[in-house]
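Here is a short briefing on one protein model. Please look at the sequence and the structure first, then read the points by topic.

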Amino acid sequence: MSQEPINYIKHLNGVLELFLKDGRLNPTHISLYMGLFQLWNSQFFREEFHIDRGEVMLCSKIGSKSTYHRCIKELSHWGYILYIPSHNPFKGSRVRMFDFGTSDGQDLYLDRTKNGTGDGQAVVSKIKHIQTRENHVKRENENFRGDGLQDKPVGAVPYRDNLRTTKEKDYNEPL
């Protein structure tokens, strides 16, 4: 059974798009995945490889064993990896990484080609940018009260004056 080679960039782009959409993940999960991905790369993207907890924790900058175990189990449960613990101190656990960028079997996005990449740059209508700019200006105007308090928009940061965010700021004045 020949396996299609992993494309480093396409895989990272694919998995990072998934991370962006997954609200369950925190920076520790992403750091752990990136550490595992680096080890997988050093193993020439083998289908399955052994890991050493200390090495993975070092690569992913995780200092707590309990955090490491919680995150690796969650990544496995959520389908980002397959984690197979060994429970043997002399034999490392095994990890199987899934291909999120180049395989024919995983269509991440229906509007893309079968290998997870687009044919070209996405084009956005010029009208969309104009509408966005107009909406932004309209929203700014709605945020200001009509009672003479021009420096304090409704729903904005309290004490906006103290932040010195006005346009007439004197940059020579000390902070």
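Does Glu-74 count as buried, exposed or partly exposed? Glu-74 counts as partly exposed, at 23% relative accessibility. Buried means under 20% relative accessible area, exposed over 50%, and partly exposed in between, with a 1.4 Å probe and protein chains only.

This is a predicted model: local features need pLDDT of at least 70, side-chain atom pairs count only at pLDDT 80 or more, and totals for chains, interfaces and linings use all residues. Residues are numbered from 1 along each chain as its sequence is written, and side-chain values use heavy atoms, with hydrogens and water left out.

**Glu-74**

- Glu-74 has its place in helix 4. Helices (H or I, at least four residues) and strands (E, at least two) are DSSP runs, numbered from the N terminus.
- Glu-74 and Arg-24 are 50 residues apart along the chain. Their C-alpha atoms are separated by 9.4 Å.

- Three strands form an open sheet in the order 1-3-2, with antiparallel pairing. Two strands pair if DSSP finds at least two bridges between them.
- Strand 1 (49–51) and strand 2 (81–84) stand at the edges. Each has a single partner strand, so one side of each is left without a neighbour in the sheet.
- From one strand to the next, the twist averages 35 degrees.
- Four bridges pair strand 2 with strand 3 (residues 93–97) in the antiparallel sense. Tyr-83 has Val-95 in strand 3 as its bridge partner.

**Helices on the sheet**

- Helix 2 (residues 27–42) packs on the sheet and touches strand 1, strand 2 and strand 3. Contact means heavy atoms within 4.5 Å.
- The direction of helix 2 makes about 90 degrees with that of strand 3. Axes are lines fitted to C-alpha atoms, for helices over the stretch in contact, and angles run from 0 to 180 degrees between N-to-C directions.
- Helix 4 (residues 65–77) also packs on the sheet, touching strand 1 and strand 2. Its direction makes about 125 degrees with that of strand 2.

**Helix 3 against helix 4**

- The axes of helix 3 and helix 4 come within 11 Å and cross at roughly 90 degrees. That makes helix 3 roughly perpendicular to helix 4, a label for angles of 65 to 115 degrees.
- Arg-53, Val-56 and Met-57 in helix 3 meet Lys-65, Tyr-68 and His-69 in helix 4.
- By class, this contact has three nonpolar, one polar and two charged residues. Ala, Val, Leu, Ile, Met, Phe, Trp, Tyr, Cys and Pro count as nonpolar, Asp, Glu, Lys and Arg as charged, and the others, Gly among them, as polar.

**The buried side of helix 3**

- Val-56, Met-57 and Ser-60 are the buried residues of helix 3. They cover an arc of only 100 degrees around the axis, which puts them on the same side of helix 3. The arc is that of the directions from the helix axis to the C-beta atoms.
- These buried residues pack against helix 2, strand 1 and helix 4.

**Positive phi**

- Most residues other than glycine have a negative phi.
- Phe-44 has a phi near 60 degrees, a positive value. Phe-44 lies in the loop between helix 2 and strand 1. Phe-44 is exposed, with a relative accessible area of 73%.
- Lys-61 is not a glycine, yet has a positive phi of about 60 degrees. At 72% relative accessibility, Lys-61 counts as exposed.

Conventions:
Angles under 35 degrees count as roughly parallel, over 145 as roughly antiparallel, 65 to 115 as roughly perpendicular and the rest as oblique.
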